[in-house]
Amino acid sequence: MHLLNLRRIWSLVIPLLLLCPLAIQAQSQAAAATVEGYVYDPTGAVVPDVMVTATNTGTNLTRTSRTGQDGHFLIPSLPPGTYTVTMMKEGFGELKLANVILRVGDALNLEGNLKPAQITEETIVVAESNPIIETTRTQPGTVIERSIIDALPLNGRNWTELVLLTPGVTNDGEFGNVSFGGTDRVFNNIQVDGADNNNAFFGEIRGRTRAPFQFSQETVQEFRVANNNFSAEFGRAAGGIVNAITRSGSNAWKGSAFYYLRDDFFNANNYFNNANRIPRPAERRQQFGGNIGGPIVRDRVFLFFNYDQQVRNEPLSVILGTRLENEMLLLAPAQRAQAERLLRPFVRSTPRDFNQINFFPRID
């Protein structure tokens, strides 16, 4: 019986895993980060053939490179996160640069100064804040980090509305689309984990205006907004680019849950309802869910899963309108009474819902 139960469990789990978006080396260069720089000795001369290793402190992912004859090293395609960069060469002490924070699309410059071999190991904690000016990047941009996404309130919790925090960005229409420097929304490019996430027919992010959102606010780790002067990996955008990455698991199990409520008990009736003698309609908006992430196989395979549900009753008030009301006043009394009997029953609150279930499984 125990074996049968295990088989039933795996028969349910395996199809779910096959549906998960696998992120094994799948993030494009646009969604990854890069570390580069030079290594020097105590005299200020460059040091060739230094082994430089970048290790992600959350997942133990490791990438290595060696300095060339000019002392320069380059480690591309690093998933955003916190890293420890280690520099080693025979005859010198080991140098560790700890707390190196890489954000989506970063191109970070680091310098290493190796000491003589008598100093076996040296650890330097890199400042947490990234430089305001990135000398290796041509396009201006703003990174909205996870701490900002968590702290700022959002009516409806659609993460794309946080793009408005960046300079030169304004609303475009009534459905949450944005304009960069006055350019129409159809010229923007929205990317998630390095892949395009655009609706070509409507010229906007997928799901917008027809669904509250496609990716929950809880699934987005951070995103970079670029206004112009895009580098080679970006294209097809005359307006702006929003480059987002989703959250993933790490070697530590973490999770969170949330519940938001908006009830008509706290609301007043609106002007049009009062003017048309429509009582305050029953309205309630609920948004709830949670997520969990952690290791399936430590240092190797990681899981992140998020569930987000919206139960939203937002009734629509039907009124005759000023023009029709004025035309009815011009009718003869008998005709006006007949029009009132015919049209007035349509003046009421009509139920309308915006329910949505959104879940996001990811395996790295």
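Strand β20 (residues 301-313) and β23 run antiparallel and are joined by 8 bridges. This pairing belongs to a predicted model. Within it, L303 has I363 in β23 as its bridge partner. The two strands are part of an open sheet of 4 strands, ordered β18-β19-β20-β23 with antiparallel pairing. Its edges are formed by β18 (254-263) and β23 (356-363), each of which pairs on one side only. On average, neighbouring strands of this sheet are turned by 5 degrees against each other, direction ignored.

Because R362 lies in strand β23 and D193 in the loop between β12 (189-192) and β13 (195-196), the pair ties together parts that are 169 residues apart in sequence. R362 counts as buried, at 5% relative accessibility.

A further salt bridge joins the side chains of R352 and E314 (3.8 Å, N to O). R352 is in the loop between β22 (348-350) and β23, and E314 is in the loop between β20 and β21 (316-318), so this pair connects parts 38 residues apart in sequence. R352 is partly exposed at 32% relative accessibility, whereas E314 is buried, with a relative accessible area of 16%.

Turning to the helices, the axes of α4 (residues 322-329) and α5 (residues 333-343) come within 9 Å and cross at roughly 145 degrees. Here L324, M328 and L329 of α4 meet R336, A339, E340 and L343 of α5. By class, this contact comprises 5 nonpolar, no polar and 2 charged residues.

Conventions:
Residues numbered from 1 in each chain as written. Predicted model: local features only at pLDDT ≥ 70, side-chain atom pairs only at ≥ 80, totals over all residues. Heavy atoms only, no water. Axes fitted to C-alpha atoms, helices over the stretch in contact; angles between N-to-C directions. Contact = heavy atoms within 4.5 Å. Nonpolar A, V, L, I, M, F, W, Y, C, P; charged D, E, K, R; others polar. Pairing = 2+ DSSP bridges. Buried < 20%, exposed > 50% of the residue type's maximum accessible area, 1.4 Å probe, protein only. Salt bridge = Lys/Arg side-chain N within 4 Å of Asp/Glu carboxyl O.
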